[in-house]
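The following questions and answers examine selected features of one structure. Please consult the sequence and the structure as you read.

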Amino acid sequence: MNAQLLSRVAEHFYWFGRYIERAENTARLIIANGNLALDLPGRARLDWYTLVETTSAQEAFASSGHNPTEPGVLRFLIADLNNPGSILSSLRYARENLRSMRDRVPREVAESMNVLYAVVSERSDGAIRRTSARFDLLRGVMDHCQIVRGYLAGTMSRGLGYRFIRSGQVLERADMTTRIMDVRVEDLLPDDHELPAVADALQWMAVLRSLSAYQMYRRHKPGAIKARHVIDFLLQDESFPRSVYSALSQFRDHAGQLPQPQDVLGAVDAALGDVSSLRAAVLSADNARLHTTLDQLQVTLLNVHAAMDRSYFDPQPMEMAATQTQKQSG
Amino acid sequence: MAVAKRYRPLLQDGFFDDLATLASRGESSSRGILDFLLAMAPEDLAQRRDAAEAAVRTMGITFTVYSEAGAIDRMWPFDIVPRVILLAEWMQIEAGLKQRVRALNAFINDIYNDQQIIKDGVFPAWVLEKSVNFREECRGMHPAHGVWAHICGSDLVRGKDGTVYVLEDNLRVPSGVSYMLENRAVMKRTFPELFENHYILPVDEYPSQLYESLAALSPRDTSEPSIVVLTPGIFNSAYFEHSYLAQQMGVELVEGADLFVADDDCVYMRTVHGPLRVDVIYRRIDDLFLDPEVFRPDSTLGVPGLMRAWRAGNVAMANAPGSGVADDKVVYAFVPDIVRYYLNEEPQIANVPTWQCADPDQCAYVLDHLEEVVVKPANESGGYGLLIGPHSSASQRKATAASIRKDPRNWIAQPCLNLSTTPTLVGSGADCHLAPRHVDLRPFILSSAEQYVTMGGLTRVALREGSLVVNSSQGGGSKDTWIVDPDGEDSA
């Protein structure tokens with residue numbers, strides 16, 4: 001009786017997990033870009049619009065009326081409620097999803113969400129104008145999302161609801177890691193700008209830092225930072241929890257606990273197979289190829305989501321009824 | 001420290017005060033509670049109020065709507081002074097309410113079947129013809145236990161001589177019971193001393209009683225029927241109550257889209273395990289939105305085929321569709337006759353005397369006394385079209401008179417009641433003191449295999465001085481209602 005879970009509520013759990021993770025990773029994405037800007041010599045102008053492309057939000061940006069400048073893009077990504085992928089929108093959706101399930105998650109989660117939402121809506125203006133305030137705000141977003149995750153991990157029973165939240169989180173994380181890996185100097189600088197010699201190491205350091213992966217990577221691969229190793233680490237490392245492979249393995253663990261997960265497991269196994277077959281050495285030598293590969297990975301992840309949708313959130317009622325009749329008569 | 005101002009009830013104006021009148025007659029519990037409150041310094045009272053408000057806010061977190069639209073956040077002003085009713089009187093009210101709802105259910109059942117009451121000339125057929133809540137689709141139905149209105153919220157007021165009247169019966173989707181439960185929880189924190197020194201009867205039984213009432217409606221003979229609360233969704237103003245009751249009962253809170261009716265005419269909910277049969281639906285959406293196949297085709301809140309499943313007897317609905325036929329204001333006037341007709345008993349709880357404009361003599365009286373009476377259209381709610389004679393202008397009376405002449409059957413009139421008052425905390429800081437404010441009371445009556453009445457109910461209070469309007473949208477608030485048993489008190 002208590003194990004039952006409405007499809008709609010399951011979907012709310014799942015999307016709550018996704019939106020929390022999306023808010024956090026969008027903050028990480030902006031931090032990565034900002035750090036890179038500070039590292040570049042001669043205040044080379046960064047093309048902030050690339051972040052709009054990275055988050056696949058070109059259409060929303062076009063209709064938003066913002067200029068593709070640093071403040072315009074920041075406002076769009078942090079506080080624009082018309083951008084469904086902005087940090088504020090993600091938090092809003094996370095809270096809306098939470099409403100339908102708040103008697104099933106620890107109360108502290110809802111309280112943290114309220115605090116975070118208030119902070120972002122009140123302080124976004126200052127954060128867009130001043131670089132120092134920006135970092136504080138974005139770091140605050142990361143911290144609060146980690147607090148939410150901490151309460152979930154530490155105080156929520158491992159029932160179906162928990163599995164759906166975690167599935168959503170780690171699938172979103174895999175997706176966002178591929179996007180953050182795509183934030184690199186080549187894209188960020190105007191075409192005719194000459195790359196500084198150290199740019200390769202700098203950009204990957206920025207990516208690693210934005211994923212809180214720098215220390216773990218250092219332990220994993222001491223010595224000079226090489227694109228090949230970082231790509232290998234972020235895509236395929238089995239122990240770092242934000243690597244694509246690791247996020248998908250976690251997804252597999254959680255999805256495996258859901259009822260009749262065959263369809264979903266098939267999709268995630270295909271994605272894991274794709275990730276494992278990638279060769280970091282090849283990708284690091286060819287930026288265009290890396291970019292295309294990351295795009296393809298995002299499509300594979302969409303298939304995993306589609307399997308979740310089919311299996312749990314939007315099953316066809318008539319098929320369901322047929323199954324039920326068979327079960328009852330069988 | 002300043003001394004609290006004395007409490008000046010409106011007794012001299014002909015009002016009954018729920019606490020002061022009984023205290024002045026020497027009733028010990030009322031005297032004790034009033035003295036306790038009057039002995040408190042204004043600052044102390046203000047501090048208790050602040051603490052209560054903080055508690056409401058904290059508890060409100062579980063209810064608060066997580067959205068930008070602050071408007072759907074239901075923080076209803078709460079007054080910390082309890083409204084006291086003695087157990088002996090409450091027992092009489094309770095018996096009267098049970099009797100009344102029993103008769104109303106018999107009436108609804110008759111109306112949708114033989115209509116014997118019309119054939120016997122006790123109830124006029126034209127009332128039914130004019131009713132907006134009569135549902136042809138419900139004809140011939142026999143819900144379990146003969147009960148249609150399983151949850152009834154009746155609004156009670158006290159007149160100047162202390163008599164308790166039923167002002168109206170809400171037989172469709174009455175709300176407010178969650179406030180009753182929450183108010184008690186806040187009061188236990190605010191005035192623990194009073195709970196220690198007086199025997200205040202608990203109210204917490206309601207969710208279990210509601211569950212039992214619903215479970216007894218299950219069409220399937222199973223030890224654990226599948227019960228759901230059907231809500232219009234998060235944007236409904238009473239959503240928190242829907243969610244609260246589902247949680248308190250341990251049943252699923254569903255929206256229309258979570259349910260579907262299969263070819264076997266049974267209702268199922270969509271779960272991650274596949275479809276799960278539903279036995280009982282506590283629906284909190286109006287009749288006309290229940291089933292787009294039968295009622296409003298544009299309704300997205302309901303479930304296509306739900307009426308089919310209900311008519312086939314495969315699912316129970318509380319309240320049954322069509323129950324609203326008995327909470328029409330014209331029907332109201334007939335309730336005493338309805339009680340006598342079906343139960344062969346005299347009504348134990350009073351109806352407000354009502355003039356039917358459909359009757360030429362009564363209509364003439366109303367038209368001659370518009371300045372003294374309250375005139376209500378039969379089929380409007382929310383105060384629309386209401387005329388309060390003593391507060392009306394000549395042109396308003398003229399307009400109402402014209403409307404009455406045009407369609408007398410659509411109008412009723414009642415004497416202007418002097419609603420009772422109860423002490424209420426007003427002012428702030430050193431000026432914090434008790435002042436009389438008008439109140440009503442909404443108890444909830446459950447009817448299924450057995451009947452149950454909440455211990456008290458939700459007291460609503462008009463927080464503005466002199467106001468008679470208790471609605472939250474118009475400066476109303478709520479109070480905890482205490483049914484007190486003086487015999488159960490520690491004499492030490």
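Strands E6(B) and E7(B), the latter being residues 267–271 of chain B, pair in the antiparallel sense over three bridges; helices (H or I, at least four residues) and strands (E, at least two) are DSSP runs, numbered from the N terminus. This is a predicted model, in which local features need pLDDT of at least 70, side-chain atom pairs count only at pLDDT 80 or more, and totals for chains, interfaces and linings use all residues. Residues are numbered from 1 along each chain as its sequence is written, and chains are lettered from A and ligands numbered from 1 in the order in which they are written.

Q: Which residue of E7(B) does B:Phe260 stand opposite?
A: Two strands pair if DSSP finds at least two bridges between them. E6(B) and E7(B) pair over three bridges. Opposite B:Phe260 stands B:Tyr268.

Q: Is B:Asp265 buried or partly exposed?
A: B:Asp265 is found in the loop between E6 and E7 of chain B, and has a positive phi of about 60 degrees although it is not a glycine. A residue is buried if 20 or more other C-beta atoms, placed from the backbone, lie within 10 Å of its own, exposed if 12 or fewer, and partly exposed in between. Because B:Asp265 has 15 C-beta neighbours inside 10 Å, it counts as partly exposed.

Q: Is A:Gln260 buried or exposed?
A: A:Gln260 lies in the loop between H13 and H14 of chain A. Its phi is near 40 degrees, a positive value in a residue other than glycine. With 12 C-beta neighbours inside 10 Å, A:Gln260 counts as exposed.

Q: Which helices are included in what covers the buried residues of H13(A)?
A: The buried residues of H13(A) include A:Val244, A:Leu248 and A:Phe251. Their cover includes helix H8 (160–181), helix H12 (227–236), helix H14 (262–276) and helix H16 (287–313) of chain A.

Q: Are helix H5 (residues 87–99) and helix H6 (residues 107–129) of chain A roughly parallel or roughly antiparallel?
A: Their axes come within 10 Å and cross at roughly 155 degrees; axes are lines fitted to C-alpha atoms, for helices over the stretch in contact, and angles run from 0 to 180 degrees between N-to-C directions. Angles under 35 degrees count as roughly parallel, over 145 as roughly antiparallel, 65 to 115 as roughly perpendicular and the rest as oblique. H5(A) and H6(A) are therefore roughly antiparallel.

Q: Is the crossing of H1(A) and H7(A) left-handed or right-handed?
A: Helix H1 (residues 7–39) and helix H7 (residues 131–155) of chain A pack at about 150 degrees, with their axes 9 Å apart. A crossing is left-handed if the near helix is turned anticlockwise from the far one by less than a right angle, and right-handed if clockwise. The crossing of H1(A) and H7(A) is left-handed.

How values were computed:
Two residues are in contact if their C-beta atoms, placed from the backbone, lie within 7 Å.
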